[in-house]
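Subject: Structure handover

Hi,

My notes follow below it.

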Amino acid sequence: MTSAPAELPRTAGDLRAAGYLPRSVKAELRDNLLKELRAGRNPWPGIVGFTRTVIPQLERALLAGHDVVLLGERGQGKTRLLRTMVGLLDEWTPVIEGAELPEHPLEPITPASIRRAAELGDELPVVWLHRSLRYAEKLATPDTSVGDLIGDVDPVKVAEGRSLGDPETIHFGLVPRSHRGIVAINELPDLAERIQVALLNVMEERDIQVRGYTLRLPLDVLLVATANPEDYTNRGRIITPLKDRFGAEVRTHYPLDIESEIDVIRQEAELTAEVGEPLLEVLARFVRHLRESPAIDQRSGVSARFAVAAAETIAAAALRRSAITGEEPAVARPVDLDAVPAVLRGKLEFEPGEEGREVELLEYLLRRSVADTARERFAGLDLTPLANAVAEGNLVVTGERVPGKDVLAALPELPVLHDVAARAGVEADESPGRIAAAVELALEALYLSKRVAKDADDDTTVYGV
């Protein structure tokens, strides 16, 4: 973050002369959102799969000036969406220099700032706050206290001679310190009920109550929250008055199509090796099969982070093979998918009765995903010449220590291999690793359709045995 431009006003008088009138955070968000929409720009960079569903609902809520709760299972991008809202705030906003809260110089709200503004008048010093500092996020945990969110009496200030009834003895919590900004509370239902009660006045009357007396602060905040639908609607873990104060409830969802699922993986995964489009498609289908499986606890959901971690795992397997064999570049192949079930089963919640069958279930759904992807990629392509070549004794050995050139060397020159590579998006003159990845996918498709045999041990797979 850079420092504020030097030409910005530095006193309250300069600010007033420049026409910087106070504006609520909700009005600021509304104005900036409308500006983006009218200019045809995307106000939600990095958000995938919500364009026609979640985004219109959220935009309507912001235009209406509503506090918002996002309802959805884990890994649906709720927090990512909330953090993107920061981009709708003004890049720089004026605040009183040295004030405990980020108060507008022309609208001070704390007793100390009101007193300073009266004493200094137009000479009240102004600093500029970047929008990245106007977003506060809190994960709701059982140990969250009223003091954390709202505030508490500061014993140090009392020891300095102030009385307990003096509003200036208060140490402000997260919500007041986010004045003129956005407060996000993740997993809202996990807050204890007495903590939820403390938010009621903030959301409706916009004041705060600490230790039995009320400090009238016209707080200007947008409160946004996330919650699991089951916690929010069925278990009674959020008090009804608080639920009623949210102006909008927006349901999120997992990607609705394979393309969006792949886009999420591409965007979020930090890949240490090359992972081709066919393998990303396999992982996208794998996650979708998991979300439809009765053996998986769908109330917990299957996070998009599962597919991201799977992509990173097979990339790591390819990088390891590259280090062992010296093959460059490091390219993931279908054989690397074998690393996924054992490594990632802990990221899923299985239904009771599935104990001991977790890896078996994941391997089965992974095979289905490979078969579905191969069927889509090679539709209309006759793979019989490849099947015949393997059946005639051209055994193909692959594994975590077998370079791509050895996979290709096991097969005779076949025109169908060029077609297989093209269907996988690989050019004929590309690296052996990329072509071997496409050929392995075709061999696996032949095996799953029972047209060739396969034998596998810990680190080697042989097609044609």
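Strands β7 (residues 181–186) and β10 (residues 221–227) run parallel and are joined by five bridges. Helices here (H or I, at least four residues) and strands (E, at least two) are DSSP runs, numbered from the N terminus. Two strands count as paired if DSSP finds at least two bridges between them. Within this pair, Ala-184 has Val-224 of β10 as its bridge partner.

Before the rest, the ground rules. This is a predicted model, where local features need pLDDT of at least 70, side-chain atom pairs count only at pLDDT 80 or more, and totals for chains, interfaces and linings use all residues. Residues are numbered from 1 along each chain as its sequence is written, and side-chain values use heavy atoms, with hydrogens and water left out.

**The parallel sheet**

β7 and β10 belong to an open sheet of five strands, in the order β4-β7-β10-β1-β11, with parallel pairing. The edges are β4 and β11 (248–251); each has a single partner strand, so one side of each lacks a neighbour in the sheet. On average, neighbouring strands are turned by 20 degrees against each other, direction ignored. Axes are lines fitted to C-alpha atoms, for helices over the stretch in contact, and angles run from 0 to 180 degrees between N-to-C directions.

Two helices pack on this sheet. Helix α2 (residues 25–38) touches β7 and β10, and its direction makes about 75 degrees with that of β10. Helix α3 (residues 54–64) touches β1 (68–71), β10 and β11, and its direction makes about 165 degrees with that of β11. Contact means heavy atoms within 4.5 Å.

**An antiparallel pair**

β2 (residues 92–96) and β3 run antiparallel, joined by five bridges. Pro-94 has Trp-128 as its bridge partner in β3. Four of the five residues of β3 (residues 126–130) are buried, so the strand is largely enclosed by the rest of the structure. Buried means under 20% relative accessible area, exposed over 50%, and partly exposed in between (1.4 Å probe, protein chains only).

**Salt bridges**

The structure holds 23 salt bridges. The criterion is a side-chain nitrogen of Lys or Arg within 4 Å of a carboxyl oxygen of Asp or Glu. These are worth a look:

- Arg-83 and Glu-137 form a salt bridge, with the closest N and O atoms 2.6 Å apart. Arg-83 sits in helix α4 (residues 78–84) and Glu-137 in strand β4 (residues 135–139), so the pair ties together parts that are 54 residues apart in sequence. Arg-83 is partly exposed at 47% relative accessibility. Glu-137 is also partly exposed, at 30%.
- Arg-41 and Glu-36 form a salt bridge, with the closest N and O atoms 3.0 Å apart. Arg-41 is partly exposed at 44% relative accessibility.
- Arg-299 and Asp-297 meet through their side chains in a salt bridge, 3.1 Å from N to O. Asp-297 is buried, at 14% relative accessibility.
- Arg-23, Asp-31 and Asp-90 are linked in a salt-bridge network.

**Leu-200**

Leu-200 lies in helix α9 (residues 193–204). The residue is buried, with a relative accessible area of 14%. Neighbours within four places in sequence aside, Leu-200 contacts Glu-205, Ile-239, Pro-241, Leu-242 and Arg-245. Leu-200 and Pro-241 are 41 residues apart in sequence, but 7.5 Å apart in space, C-alpha to C-alpha.

**Helix α19**

Which residues of α19 (residues 415–423) are buried? They are Val-416, Leu-417, Val-420 and Ala-421. Down the helix axis, these buried residues fall within an arc of 145 degrees, so they line one face of α19. The arc is taken over the directions from the helix axis to the C-beta atoms. The buried residues pack against α17 (384–391) and α20 (432–448). The face turned away from the buried side carries the exposed residues Pro-415 and Ala-422. Gly-425 follows α19 and has a positive phi, near 80 degrees.

**Domains**

The domain assignment gives domain 1 (12–251) and domain 2 (258–463). Those bounds come from an automatic or database domain assignment. The C-alpha centres of the two domains lie 46 Å apart. Their contact takes nine residues from domain 1 and 15 residues from domain 2.

Best wishes
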